[in-house]
Amino acid sequence: MTIIVKKTTQLIAGMVFMYGIYVIVHGHLTPGGGFAGGVIIAGSLILVTLAYGGDFLKLVKEETRTTIVESLATILVITIAVSGLLFGTKIFFNNFLPKGIVGHLVSAGVLPLYNIFVGTEVAASIFIIFLSLIIFKEESPK
Amino acid sequence: MIAYVMCFILFLVGLYGVITRRNLVKIAVSLSIMEISTFLFFALIGFIDGGVAPIVDPADPARVYVDPLPQALVLTAIVIGLATTAMLMTIIIRLYRKYGTFDIREIKNLRG
Amino acid sequence: MELTISIVTGFMILGALYAIHAKDLLSSVIACAIVGYSLVICFLLLKAPDLAIVQIVVDTITLIIMVAVVINSSREESYSKLDTQGYVSAITGILIIVILLYFFIVSIQTLDILGKSSLRMAKYYIEGAAQKTGSANLVTGVVFDFRGYDTMGEAIVLVTAVLGVLTILRLKGKK
Amino acid sequence: MNPLIPLFVVTPLAGAFLIMITGRFLKEFDKYLTSLILLFLVIISFYSLSTTGENLSIYKVGGWEPIDKVPIGIYMVMDGFNAIIVCIINLIGFLSALYSISYIKRYTAGNYFYALFCLMIGGMNGVVLSGDLFNIFVFLEISVISSYALVAFGVEKNELEASFKYQVLGGLASFLILFGIGFVYWKTKTLNIADIKEVFSNGYDKTYYLFVQILILSGFGLKAAIIPFHAWLPDAHSSAPSPISAMLSGVFIKAVGIYVILRLFFNMFVVSEGMAILITTMGTLSMVIGVFLAIGQWDIKRLLAYHSISQMGYVVLSVGIGMILISRGSKPEVAALAIVGGIFHLINHAAFKGLLFLNAGAIEYTTGTRNLKEMGGLARSMPVTSATSFIASMSISGVPPFNGFFSKLIIIIAAIMAKFYLLAALAVVVSIITLASFLKFQRYAFYNKSDTIDNDNKKFKEVPFPMAFSMIVLSILCVLLSLLAIPDVRHTILTPAVNILMDQLKYTSTIIGQ
């Protein structure tokens with residue numbers, strides 16, 4: 001890609017990333033949430049990868065790290081779900097934190113945490129699917 | 001009723017594609033279309049006349065909201081659909097690299 | 001309202017028909033993505049902004065994945081005349097479609113029409129849901145709290161797909 | 001609130017993620033962790049089976065109590081029927097995991113295998129224990145997507161093609177099911193299975209009801225590979241690695257196919273005669289066509305896969321007979337007997353078909369071929385495999401005193417008592433053809449000594465201990481399961497399962513009431 005595309009992507013991708021974080025954090029107040037925000041973040045990463053080309057990054061290393069990130073995120077989701085079982089009255093998936101005032105940023109108990117974890121997990125998963133599809137280079141039959 | 005019928009026709013177009021097409025990518029596209037029509041169907045079920053998007057405004061308690069449950073189901077189903085599409089495309093790219101074609105008739109076991 | 005939705009759906013049907021009959025696979029894939037983008041319009045008309053956001057991004061990513069598969073290939077659907085099997089499957093397909101469509105139209109006569117839906121389970125999600133879950137966005141409340149178990153399943157589906165993709169893309173299966 | 005129920009789902013899923021995180025650092029950890037998790041699940045599933053009996057215990061995820069008798073959260077339900085299925089899933093899963101310790105060494109990326117295996121078990125447990133229609137769909141997708149990946153685990157041409165076919169038909173089935181769920185929600189505005197029954201009991205439109213039933217039956221029928229929907233099964237089940245074939249054939253098609261069909265058609269819909277006759281016809285067709293397709297096969301695993309279709313036909317047929325009798329309202333004790341026969345055969349099929357696929361895997365592991373014509377005379381070099389596969393073959397063909405005989409006998413007696421003489425005769429004939437087919441398998445694989453192969457036989461050795469252990473346990477199970485035919489034992493284990501299906505009101509009233 002040309003230098004114009006690369007520079008523009010640098011500018012845009014950062015903003016898209018920030019927007020993704022905004023969508024995730026405000027998931028319990030405005031439309032959007034963990035899934036939407038996670039996919040937006042993955043989109044910004046994919047944008048950078050497309051602009052700079054697959055060879056720009058040392059991709060093989062990146063792949064393993066992303067697997068661990070998303071596994072950790074998912075296991076954190078399960079941990080919170082199970083911690084309801086410990087903190088609450090033996091109920092799996094209990095919303096055990098205080099609810100706060102509706103409309104405030106810090107409210108809704110564990111929901112923002114779920115949003116953040118699911119957002120991380122979705123972003124990592126989609127990015128890794130994309131990466132593994134572009135890394136894959138098997139010789140086609142002649 | 002007409003919206004539901006149109007939505008079901010979209011589903012059937014996808015079904016027709018799966019039955020008749022002989023190309024791996026076309027089959028994936030047809031499945032994708034079936035998926036889209038299913039999401040539309042759920043969204044149609046949840047709609048209520050005069051309803052607003054399900055975001056609570058504490059200042060206005062008398063609002064009518066559309067049904068949030070089908071929307072939650074579609075949210076779940078969209079991501080599942082993405083997962084299945086990714087799997088299908090992976091298999092397709094693998095088969096293409098092995099055989100050099102997307103045509104089912106030239107791939108040994110898929111002819112039937 | 002219903003008319004607007006129907007018109008958009010009509011365009012979606014046209015797009016879908018083009019997608020499954022186009023000769024060039026790239027145009028087929030793009031037509032499929034256009035059907036998905038039209039779905040975003042439907043979601044906005046049906047007051048589902050959460051779905052619209054998710055669908056527009058997911059559709060873009062699906063398009064990127066599909067294009068990544070198609071772009072380096074021959075792209076032409078190797079067109080050949082319909083053989084006997086092709087005729088048989090086309091006739092079967094049309095037959096199934098006509099029967100299902102007739103059946104569908106007959107069976108939906110007694111159900112709620114568009115926009116006159118009543119609530120049973122969701123009534124309790126809306127009534128005082130903000131107090132129950134503390135979330136202003138009811139969809140997030142339903143997704144993460146009332147049906148949080150489903151959402152855990154969904155996150156796991158995505159991880160399973162990643163694992164599956166990594167598994168299938170191994171170059172060597174057996175040692 | 002039974003606190004054990006979520007453990008069935010959470011433990012394997014958490015195990016899968018632990019394997020994914022640690023898989024690159026701790027090489028040998030994954031196989032032992034999988035086996036340990038499954039051993040734990042086997043113990044708690046048998047504990048639950050022994051304590052459940054006629055009770056029906058519920059776990060409300062998230063602790064959402066029903067309001068005005070409408071359930072608003074997701075319910076997990078354990079009753080006599082799905083306790084049995086959970087036992088089968090985890091037991092066969094445990095033995096397959098043990099078997100894989102040796103078998104999967106030949107493949108690369110063992111940690112992915114074990115992670116996907118755990119996800120598949122977790123997904124199946126989730127499907128079976130769920131009391132919510134959409135939740136069933138979500139967990140179905142977990143187990144189905146991991147099985148797509150496992151079928152393609154060898155990444156050779158055959159595996160990829162089988163997986164593609166499986167994915168297309170599985171995707172079709174998923175969307176039919178999803179559309180069916182939307183249809184149900186449109187009318188009932190609820191997703192809880194018991195609550196849906198409650199709403200339907202207030203009246204419904206006949207055509208609508210039939211359409212929903214057909215959508216759901218075709219969706220889950222595709223997952224269960226009942227004939228006309230069987231096209232994917234022989235490829236997928238024969239291409240997978242053998243422990244996965246044992247899981248898919250022995251457990252998977254039952255847990256996500258037959259179980260859900262039975263649960264929904266008995267406990268969600270009202271049993272109607274038209275659907276009952278349709279289901280019986282599909283079962284009969286599966287039974288007959290499956291066995292005829294199996295005769296001509298020379299690939300061991302394909303032969304076994306076609307027999308899976310045929311044996312599932314027995315289960316569907318006998319349950320269908322029960323449904324016909326229930327819908328007519330006549331002879332409830334014969335209907336109960338037919339359903340007992342179906343469930344009994346389902347359990348037995350898990351044992352002997354799992355064992356047969358493990359045997360096929362052992363033969364392939366040793367000789368490197370799956371073609372019956374290229375093997376022979378293995379009886380001397382592989383005594384354990386030979387003996388266990390003999391037991392399994394006799395069992396699947398219905399020879400006394402093995403378990404298959406008793407379940408087939410019950411099915412045939414029930415068919416005769418219900419005056420379906422033709423179906424009873426067909427069941428007998430199919431059983432005889434199955435016997436012939438398995439005699440061919442035995443003869444060509446183990447006894448037929450041709451000169452060319454005889455010289456090479458010295459190099460064939462018996463399989464390693466974990467594989468042999470799994471096969472021996474399953475063959476003992478094949479013999480022991482015939483004890484279920486004794487009326488007292490049958491009464492404690494099978495009758496609660498049948499009662500929960502037969503009693504049209506108990507499931508709903510118990511769940512709504514709690």
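Analyst: Happy to. Two residues are in contact if their C-beta atoms, placed from the backbone, lie within 7 Å. In chain D of this predicted model, 80% of the contacts between residues at least 6 apart in sequence join residues at least 24 apart.

User: What makes the radius of gyration of chain D agree with a compact globule?

Analyst: The globule rule is 2.2 Å times the number of residues to the power 0.38. For 514 residues that rule gives a value near 24 Å, and chain D has 22 Å, so the two agree. The C-alpha trace of chain D spans about 75 × 60 × 40 Å along its principal axes. Its secondary structure comes to 21 helices and two strands, and buried residues make up 65% of the 514 residues in chain D.

User: Why is D:Ser475 called buried?

Analyst: A residue is buried if 20 or more other C-beta atoms lie within 10 Å of its own. D:Ser475 has 24 of them within 10 Å, so D:Ser475 is buried. You will find D:Ser475 in helix α19 (residues 465-480) of chain D. Leaving aside residues up to four places away in sequence, D:Ser475 touches D:Leu355, D:Thr388, D:Ile391 and D:Ala392.

User: Why are α6(D) and α8(D) called roughly antiparallel?

Analyst: Angles over 145 degrees count as roughly antiparallel. The axes of helix α6 (residues 157-188) and helix α8 (residues 206-224) of chain D cross at roughly 150° and come within 8 Å, and therefore these helices are roughly antiparallel to each other. The crossing of α6(D) past α8(D) is left-handed. On the α6(D) side the contact includes D:Leu169, D:Leu172 and D:Phe183, while D:Tyr208, D:Val212 and D:Phe220 are among those in α8(D). The residues of this contact divide into 14 nonpolar, three polar and two charged.

User: What makes α3(B) roughly antiparallel to α6(D)?

Analyst: The axes of helix α3 (residues 68-99) of chain B and α6(D) cross at roughly 165° and come within 10 Å. The limit is 145 degrees, so α3(B) is roughly antiparallel to α6(D). α3(B) passes α6(D) in a left-handed crossing. Among the residues in this contact are B:Met87, B:Leu88 and B:Ile91 of α3(B), and D:Leu160, D:Phe164 and D:Tyr185 of α6(D). By class, the contact of α3(B) with α6(D) has 10 nonpolar, four polar and three charged residues.

User: How many residues of chain C are in contact with chain B, and which helix of chain C gives the most?

Analyst: 76 residues of chain C are in contact with 69 residues of chain B. Helices that each supply at least two residues to this side of chain C include α1 (2-21), α2 (25-45) and α3 (49-70). α3(C) gives the most, with 12 residues. The side of chain C that touches chain B divides into 51 nonpolar, 17 polar and eight charged residues.

User: Which value of omega goes with the cis peptide bond from D:Ile227 to D:Pro228?

Analyst: Omega is near 0° for that cis bond, and D:Pro228 is in the loop between α8 and α9 (233-239) of chain D. The peptide bond from D:Pro400 to D:Pro401 is cis too, with omega near 5°. D:Pro401 lies in the loop between α15 (383-396) and α16 (403-417) of chain D.

Notes
Residues numbered from 1 in each chain as written. Chains lettered and ligands numbered in written order. Predicted model: local features only at pLDDT ≥ 70, side-chain atom pairs only at ≥ 80, totals over all residues. Helix = DSSP H or I, 4+ residues; strand = E, 2+ residues; numbered from the N terminus. Buried ≥ 20, exposed ≤ 12 C-beta atoms within 10 Å, placed from the backbone. Nonpolar A, V, L, I, M, F, W, Y, C, P; charged D, E, K, R; others polar. Axes fitted to C-alpha atoms, helices over the stretch in contact; angles between N-to-C directions. Parallel < 35°, antiparallel > 145°, perpendicular 65-115°, else oblique. Left-handed = near helix turned anticlockwise from the far one by under 90°.
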